[in-house]
Amino acid sequence: MSPEWLLAVVAAGAVAVLLLWWRSTPSVAGLDDWLTEAGRVTGLLAGYGLAVLLGLMARIPALERGVGSDRVARWHAMGGRYVIGLITAHVLMIIWGYALAERIGVVDETAAMVLSFPDMMKATAALLLLLGVGLVSARAARRRLRYETWFYLHFYTYLAAWLAFGHQLATGAQFTGDRMAQVAWYILYLGVAALLVWYRFLGPVRLWARHRLRVSRVTTDAPGVVSIHVTGRGLRRLGAEPGQFFRWRFLARGLWWSANPYSLSAAPEADELRITVKALGDHSAALPRLWPGTPVLAEGPYGGFTARLGRGGKSLLIAGGVGITPLRTLFETLPGRVTLLYRARTPEELLFQDELEEIARARGDATLYLSTGPRAPGLFDGLNHLLPDLREHDVYVCGPPTMTRAAIKALRSAGVANHQIHHESFEF
């Protein structure tokens, strides 16, 4: 599914929600009525938005490949802020509207609604959970959290959705006595729940049962960087492409509870997959201690950072540090003329140097540039001199966020069109 189609489907659902409110609202008169109905509209949109958020993170292959994992994650994060805003507006306007209608204070109305309305205690708990998840997802808080902590806190979103669902049907004016609306809401939420169970929870188990993935060996590539070789049966049937990634769960002590995303660092083979990981956290730092034979649960392949993004003519790959992992596979497999610009802080941090040089020699139509040293302002300003026909290239960028932003800025300044610049972020 393309990004445009996904946005069109989500927008069509939002329009259907607005029509549901319009269909059951004959007239609106007075400030209390306007506030109450505005609260109902925002509540309906928040309920719909919550289902969409969960669907976006169900790891549906059509979305992960067609739209791109990083774009789906960005839309999820942006949508989360909208949903929190809608829920807050819903609560405030409903309470205010009811307080005006009953001519009592806002505090008294709040207490009366929470204590006497059906399922309102559950709804209040759902609100608090969603606000908590929203707070830990804020950029300032997220930087202070381990990936694993952030990841598992998000599971409270499932509990919040379940708690809020009963409240919507029990007190929502659009659902009371309207069997068609109730059925539609059940289909929406049960459909999303089915996608989550099938792809997020059963998917890794199904993949393991089919391919029996296991660690075959662990090799050291550089200080703090290891490659993990995973074997299995019938790996061609995975359909993995160079540039894609899996979410890996290693069934070893201290690691089994966390599934982390790592890109393939070599083109997938019939009997082996390889990932390369830098020790940046507790999970990645423990991977060098994996024993051969360790079972592996994997989800994927995911991501649209593949040859399909390009036009098959000229390609420039810009890699920084461990960001070389997906670009190493593309350097080997992209059709047409390929140039790789790879930089790191020190020569020791340049990964796969021998492999990259061998690929360049074997291809004949590939050029490799290696660069080391501290990152300086204007680092990528000379790309036009390196490649006079730069504007004719598709450009793939992967590396630390600051490097990626600097490279994209330089490319745009050099006249490379946005649709020719491809990058994928694995930041949580």
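(Buried means under 20% relative accessible area, exposed over 50%, and partly exposed in between, using a 1.4 Å probe and protein chains only.) The model you are looking at is predicted, and local features need a pLDDT of at least 70, side-chain atom pairs count only at pLDDT 80 or more, while totals for chains, interfaces and linings use all residues. Residues are numbered from 1 along each chain as its sequence is written, and side-chain values use heavy atoms, with hydrogens and water left out.

Where does Ser 258 lie? Ser 258 belongs to the loop between β3 and β4. The names of such elements come from DSSP runs numbered from the N terminus: helices are H or I runs of at least four residues, and strands are E runs of at least two. The side chain of Ser 258 makes a polar contact with the side chain of Asn 260, at 2.6 Å. A polar contact is a pair of N or O atoms within 3.5 Å; within protein, one must be able to donate a hydrogen and the other to accept it, and residues adjacent in sequence count only if both atoms are side-chain atoms.

Asn 260 leads us on to the strands. In β4, Asn 260 is the bridge partner of Trp 248. Strand β4 (residues 260–263) pairs with β3 in the antiparallel sense over 4 bridges, where pairing asks that DSSP finds at least two bridges between two strands. Strand β3 also pairs with strand β6 (residues 296–302), again in the antiparallel sense, over 5 bridges. There, Leu 297 in β6 stands opposite Arg 249.

How many residues of strand β3 are buried? In β3 (residues 245–250), 6 of the 6 residues are buried, so the strand is largely enclosed by the rest of the structure. Both of its faces are covered: one side carries Phe 245, Arg 247 and Arg 249, and the other carries Phe 246, Trp 248 and Phe 250.

While we are at β6, look at Pro 301, which lies in that strand. The peptide bond from Gly 300 to Pro 301 is cis, with omega near 5 degrees. Most residues other than glycine have a negative phi, and most peptide bonds are trans. Two residues here have a positive phi instead. Arg 59 has a phi near 60 degrees; its place is the loop between α2 and α3, and at 5% relative accessibility Arg 59 counts as buried. Phe 352, with a positive phi of about 60 degrees, sits in the loop between β8 (337–344) and α12 (353–363). Phe 352 is buried too, at 7% relative accessibility.

Phe 352 also has a contact to follow. Leaving aside neighbours within four places in sequence, Thr 325 is in contact (heavy atoms within 4.5 Å) with Ser 263, Leu 264, Ser 265, Thr 276 and Phe 352. Thr 325 is found in helix α11 (residues 324–333), and a polar atom of its side chain lies 3.2 Å from the backbone oxygen of Val 322.

Now for the nonpolar interior. A nonpolar core is a set of buried Ala, Val, Leu, Ile, Met, Phe, Trp, Tyr and Cys residues joined through side-chain atoms within 4.5 Å. The largest one has 37 residues, and those with the most contacts inside it are Phe 175, Trp 185 and Tyr 189. Elements giving two or more residues to this core include α1 (3–23), α2 (31–56) and α9 (179–211). The largest share, 11 residues, comes from α2. Apart from this core lies another, of 24 residues, among them Val 225, Leu 317, Ala 319 and Phe 331.

In the model, residues 82–100 are 100% helix, with end C-alpha atoms 27 Å apart. Residues 183–202 are also 100% helix, and their end C-alpha atoms are 26 Å apart. The record places "domain: FAD-binding FR-type" at residues 208–308, a span that is 9% helix and 40% strand.

Finally, how confident is the predictor? The protein averages a pLDDT of 88, and 96% of the residues score at least 70; pLDDT is the predictor's confidence in each residue, from 0 to 100. Where pLDDT is low, the predicted coordinates should not be read in detail.

How values were computed
UniProt positions renumbered as here; feature names shortened; annotations may be inferred.
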